[in-house]
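Here is a short briefing on one protein model with a ligand. Have the sequence and the 3D view open as you read.

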Amino acid sequence: MTQPQLPDAALGIAHVSSPVTGKIVSNETCLKGKSASFVRHTVIDISDTLLEGKCLVGQAFGVLAPGMNEKGKPHKVRLYSLACPSDGENGDGKVISTTTKREIGEYYPQKTGDDPNDHSLFLGVCSNYLCNLKPGDEVRITGPNGKRFLLPSKTEQHDYLFVATGTGIAPFRGMALELLEKNSTTSQVHLLMGAPYTTDLIYDDLFKRLEKEHKNFHYHTAISREPTLDGGPGQYVHHYLSKHINIFGQFLENPRTLLYICGLAGMQSGLFKVMAEHSIGNNYFTIREKLADIPPSDWDVNQVRKCVKITDRCMVEVY
Ligand SMILES: Cc1cc2nc3c(=O)[nH]c(=O)nc-3n(C[C@H](O)[C@H](O)[C@H](O)COP(=O)(O)OP(=O)(O)OC[C@H]3O[C@@H](n4cnc5c(N)ncnc54)[C@H](O)[C@@H]3O)c2cc1C
């Protein structure tokens, strides 16, 4: 079995107290067709700042939105995953990117005392600030953050299963480009992307192009609110994994394979249950005794959170 060795990642070079100033290069939508979501590929020039050349694919950076919160304090930093390879969008470490989704909805009570009748528009502070920025606008950035959700130092020693939902696709854009286009890897790379509707697939054209150009890259999509092509019900990523266990079972049993999961909090739970049901989880997580006697199909999200511990071959970033 090949245990992954991770590179030493620089951390916290730019603190909240002394952020660097980046400049927006572009901020284009990265969805096609009509979607209820708004997601942008936000590209930021960080040249001549402390962060230039210092961010690794898989890491995140912080964004400080201007203004104050309801307590009169500056807004807290929000993290955004890098969506580019380690040497950035242009290969020189000067321009980074992320995948920004507007947090948008109607108010609902968050704590006791909140007005249950208030259903006015809720706009997340930082995501909307970031999505509104135009080329040339300045943005305060901190980081880098994260030292575990990284590609291994010796990428050729491994094969990869990336599983994403929503903006969890951001690091996999960077990783796929890094592995396939920068390193011309011969490793096998599977990307499984989950979305409610086909129109919510982020960077869909890019991944289709990569699949066409690289025979070792396999792009899978699980659409939860549309029937499958064979007329079956919509499926989440764990349903897809289960349905195609003939492909993924063998792949996950291969000692070279690393599993990366990024996206909505809790998404790992369904995946781990399916893997445990098919007895292919052992290399990716260990199960505390308490859960050992309960059939995986009965595990609930809390039990998974408390009793399933990931190994070195599994990287999880959910939020
Ligand atoms: C490691 C990491 C990586 C991340 N990467 C990305 C990324 O690549 N792209 C991305 O878009 N995001 C990413 N995020 C999430 C991001 O950091 C922010 O949390 C997100 O953009 C929302 O921030 P906001 O300031 O817009 O929303 P906020 O103003 O912080 O609002 C969000 C909070 O408001 C509350 N809220 C939400 N909806 C309602 C409602 N209807 N009524 C009342 N209250 C509500 C909830 O408590 C919620 O936590 C990442 C997070 C982490 C931890």
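This is a predicted model: local features need pLDDT of at least 70, side-chain atom pairs count only at pLDDT 80 or more; totals for chains, interfaces and linings use all residues.

Residues are numbered from 1 along each chain as its sequence is written, and side-chain values use heavy atoms, with hydrogens and water left out.

**Polar atoms at the ligand**

- Thr98 places a polar side-chain atom 3.5 Å from a ligand oxygen atom.
- Lys101 has a backbone N or O atom 3.0 Å from an oxygen atom of the ligand.
- Gln110 has a side-chain N or O atom 3.0 Å from a ligand oxygen atom.

**Helix pair H2 and H3**

- The axes of helix H2 (residues 170-182) and helix H3 (residues 204-213) come within 12 Å and cross at roughly 20°.
- Axes are lines fitted to C-alpha atoms over the stretch in contact, and angles run from 0 to 180 degrees between N-to-C directions.
- Helices are DSSP runs of H or I with at least four residues; strands are E runs of at least two.
- H2 and H3 are therefore roughly parallel (an angle under 35 degrees).
- Phe172, Arg173, Ala176, Leu177, Leu180 and Glu181 in H2 meet Leu206, Phe207, Arg209, Leu210 and Glu213 in H3 (heavy atoms within 4.5 Å).
- The residues of this contact comprise 7 nonpolar, no polar and 4 charged.

**Backbone details**

- Gly143 and Pro144 are joined by a cis peptide bond, with omega about -5°.
- Pro144 is in strand E8 (residues 138-145).
- Asp48 is not a glycine, yet has a positive phi of about 60°.
- Asp48 sits in the loop between strand E2 (39-45) and strand E3 (60-64).

Technical notes
Angles under 35 degrees count as roughly parallel, over 145 as roughly antiparallel, 65 to 115 as roughly perpendicular and the rest as oblique. Ala, Val, Leu, Ile, Met, Phe, Trp, Tyr, Cys and Pro count as nonpolar, Asp, Glu, Lys and Arg as charged, and the others, Gly among them, as polar. A polar contact is a pair of N or O atoms within 3.5 Å; within protein, one must be able to donate a hydrogen and the other to accept it, and residues adjacent in sequence count only if both atoms are side-chain atoms.
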